[in-house]
There are 2 protein chains.
Amino acid sequence: MAKYLQLIEKIQQQIDREIWLPGDKLPSLREQVAQSGMSLMTVMHAYQVLESQGWILSRPQSGYFVAPRAEFLSQPASHQKVQLTESVDINDFIFEVLQACRDPGIVPFGSAFPDPELFPQRQLMRSLTAVSHSLKPADALNNLPPGNEALRKTLAQRYALQGIQVSPEEIVITNGAMEALNLSLQAVTKPGDWVVVENPCFYGALQAIERLQLKAVAIASHPQHGIDLDELASTLARLPVKACWMMSNQQNPLGCTLSREKKRDLVALLESYQVTLIEDDVYSELYFGSEKPLPAKAFEKQDTVLHCSSFSKNLVAGFRVGWVAAGKHAQRIQRLQLMSTISTSAPMQLTLANYLGTRSYDSHLRKLRQKLEQRKNLARQSLRRHLPASAKINDSQGGYFLWIELPPEVNSTELYYRALQQKISIAPGKMFSTGEQYANYFRFNAAWEWNEEREAAVATLGGLIKEMLSLTQRWS
Amino acid sequence: MAKYLQLIEKIQQQIDREIWLPGDKLPSLREQVAQSGMSLMTVMHAYQVLESQGWILSRPQSGYFVAPRAEFLSQPASHQKVQLTESVDINDFIFEVLQACRDPGIVPFGSAFPDPELFPQRQLMRSLTAVSHSLKPADALNNLPPGNEALRKTLAQRYALQGIQVSPEEIVITNGAMEALNLSLQAVTKPGDWVVVENPCFYGALQAIERLQLKAVAIASHPQHGIDLDELASTLARLPVKACWMMSNQQNPLGCTLSREKKRDLVALLESYQVTLIEDDVYSELYFGSEKPLPAKAFEKQDTVLHCSSFSKNLVAGFRVGWVAAGKHAQRIQRLQLMSTISTSAPMQLTLANYLGTRSYDSHLRKLRQKLEQRKNLARQSLRRHLPASAKINDSQGGYFLWIELPPEVNSTELYYRALQQKISIAPGKMFSTGEQYANYFRFNAAWEWNEEREAAVATLGGLIKEMLSLTQRWS
């Protein structure tokens, strides 16, 4: 066996045996050279292969780390037509869950928001102060759709850094990604049209489809590999699908990111059927690897991807500023925005333009990613300590969600209510699907600083699950 | 004839003969006593009757003024079912007009916005600065729907000052009145439902109806007296109407305000058919009389009026903060908002709460009203100087719009294009109706400071109209 393969096998075994846990720093190249007696070239080669296989991650100036561990989760049926008639109850339930997360007395594991303490409060306040001193009466008019010019230029530059050609004219600034996604869906569909979503998916997608009187078909997404392209292809062959709403990076709730190849194939498949892709990419800055993942937008050949994102998940939650890179649909989206909210607030657009002008965004993002990865590792370790061994935790290389599968006999909605009595919230699987496939799953928000209170909350959660398990076992 | 009646007749004649022009200050009570030799009681009585008849206006601490002059405008057919199929073209045209108003090189008589120079820039900047220094990470969460608590309390207090019972819990803060109106319509209708609008009306209403797949029926509104209640009654008897979207104060584009009695009758009529009233009340702070007009909301008996307003037309345009007093619909509207834009920006809500806390809003509004009335008088006088005598100008006791009827042979859309070549914009009647009834009308924004450039622009406009008139006369 070649020397580098021996080293690869050795490290894989060490990770399997949990000598190195996910998030742990591996020996540096030089340390490994000293330990193994192999050449630097051999060690580097082994590390590169391990990285390409997803075992480890490299971080510039920091070294190599064990990648998050994905556990094998069960998969639901590969596709289903979505019955939206029952969704009124689901919506009631979703709002109940979201509302519970706002109570400061409740441990917010069910929250969709990252910990706002992670955001660069002081710099944002400085930008807001600067804007408050320089606001002009004409600013209202000048920041109407498509929105602030400096902001659109900066966004276009950030696309260019990833090799994506988007002109400032194709970008529309919106009231958060939520407005961007809603207007995008509205721009490319008519009532009665078919729309593809993932299963499980962000509940906002199902709500938007319902509101616009569209028909949804949900394609199963694998916890690690994402959407099933074969199922998608057969669905597109069978139904006159108009649009596909999905997340190719850090999918909510799964956390998974499609590979480059899969993104390319996805876009090619959709383009072959002239289906517009509405890409919800709000978590892509929260990657843990060495490079920001490309959006599916990067692979479009025919101006068919509307790429929606925002600053809400990585910089500031309350400003409500997002955007869509809408290509040829930009003008229609501007008009729809003028008809629904007129525009995004001028001072908020100006504040973000000012902040981005200080060039501290990327250094903030680096620190944010590091902290989120640490916190997610701590949360995962805590869950492993307290949840029964039969619970499976889907980890991923980014974001702050853990997607957890419980044994089939544990209903996560019931768990939600039991946990809430103990002042702990979770996001039950029911929120992310209209079917019953995810009744034993839940989403866990791991963005919080780890402390005794949170450790105790996870212990309580683990106790509740074990209690529910023993109850079902006693009665079955 | 009683002495006070003699004085009334005398003053009416003076106004008719244009001895006193609209906006002119009348002799004070004391001066009138000295001039007429009548008692103070008699003079006061005469002035009160003249005010109740709409001839004059009293302003606290300032005296009495000649009321704006309403000229008799023609009326279109009293109702029509709206064909929305043609509205795509109309929307293209509306956006073209709005876009033109944003060009700083164009005289913005077609604009919907008031002159932003009228707003208390310095105080707003001070409030924004204060917020920028005190922003907290938790603010995002704390200002989610229904929105900032202090702001909702202040709004509830302002309703209470008008004798209207609205609790802070019934209020939802929105991204401007536009979002409030859209969410309200969405909350109370299902696709296919019938909705009553006025004719002419704010184009946003027709666009919202179209987007939500509703059916519209337009009831004629009289230029001075507003909606035809008999027509409304017969429409309600004939069609299963679900909601009525209208403006009872300073209607856009007419400018007219319904009398108290008419508002009361309107609400009683709608309630008798269990039709929800969506009241667009964005101009009500811009009244010229001595008292703020009540909204129709004040007359509800069954929690059927959703009262929508904002700060955009009287305090600041670019913040995008509005609200709806939604009664029992408040929770549904919060949910719809969470699904469409999530919330209004937290710093903007906090800034308005801070500004309202300084208690300078009402003194700003007093100055604003005074300026708008002066400017509208100047604009009206200028239009009278330059437009042909056959043009009729509908004036009103508030707001900054003048609704102008041209002779039937002058098409205002053609006038719009001719004026635009001269760098002047107007808002042609076509924007406010889907029918052809208003092809010879246009809306004139009179909020601008009067200067030589604007005087020249009105002269040019008058010249174009006369040219179009002579052309049609030559060829007919």
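**Confidence and overall layout**

Begin by colouring chain A by pLDDT: the mean is 91, and 95% of the residues of chain A reach 70 or more. For the complex, the predictor reports an ipTM of 0.86 together with a pTM of 0.87. Where pLDDT is low, the predicted coordinates should not be read in detail.

**The axis between the chains**

Now show both chains and superpose chain A on chain B, for which a rotation of 180° with 0.0 Å of shift along its axis is needed, leaving an RMSD of 0.1 Å. That is the relation of a two-fold axis, and the same surface serves both copies, since 100% of the contact residues of chain A recur in chain B. To find the axis on screen, select T129(A), whose C-alpha, at 2.6 Å, comes closest to it among the residues of chain A.

**The interface**

Move to helix α10 of chain A, residues 229-238, and display the side chains of L232(A), T235(A) and L236(A), which are buried. Looking down the axis of α10(A), you will find these buried residues within an arc of 100°, so they line one face of the helix. The face of α10(A) turned away from the buried side carries the exposed residues D230(A), A237(A) and R238(A).

Then select helix α15 of chain A, residues 412-421, where S412(A), L415(A), Y416(A) and A419(A) are buried. They cover an arc of only 105° around the axis, which puts them on the same side of α15(A), whereas Y417(A) and Q421(A) are exposed on the other side. An α-helix has 3.6 residues a turn, so residues three or four places apart point the same way. Following α15(A) is K423(A), whose phi is positive, near 65°.

**Two buried residues of chain B**

In chain B, centre on V166(B), which lies in the loop between α7 (149-161) and β5 (171-174). V166(B) counts as buried because it has 20 C-beta neighbours inside 10 Å. Leaving aside residues up to four places away in sequence, V166(B) touches A156(B), Y159(B), I171(B) and A325(B). Draw a C-alpha to C-alpha distance from V166(B) to G327(B), and it reads 7.6 Å, although the two are 161 residues apart in sequence.

Finish at N354(B), in helix α13 (residues 346-357) of chain B, which likewise counts as buried, with 20 C-beta neighbours inside 10 Å. Beyond residues up to four places away in sequence, N354(B) touches S127(B), A130(B) and V131(B). By contrast, the C-alpha atoms of N354(B) and V195(B), 159 residues apart along the chain, are separated by 38 Å.

How values were computed:
Residues numbered from 1 in each chain as written. Chains lettered and ligands numbered in written order. Predicted model: local features only at pLDDT ≥ 70, side-chain atom pairs only at ≥ 80, totals over all residues. pLDDT = per-residue confidence, 0-100. Least-squares fit on C-alpha atoms with pLDDT ≥ 70 in both. Contact = placed C-beta atoms within 7 Å. Buried ≥ 20, exposed ≤ 12 C-beta atoms within 10 Å, placed from the backbone. Helix = DSSP H or I, 4+ residues; strand = E, 2+ residues; numbered from the N terminus. Arc of directions from axis to C-beta.
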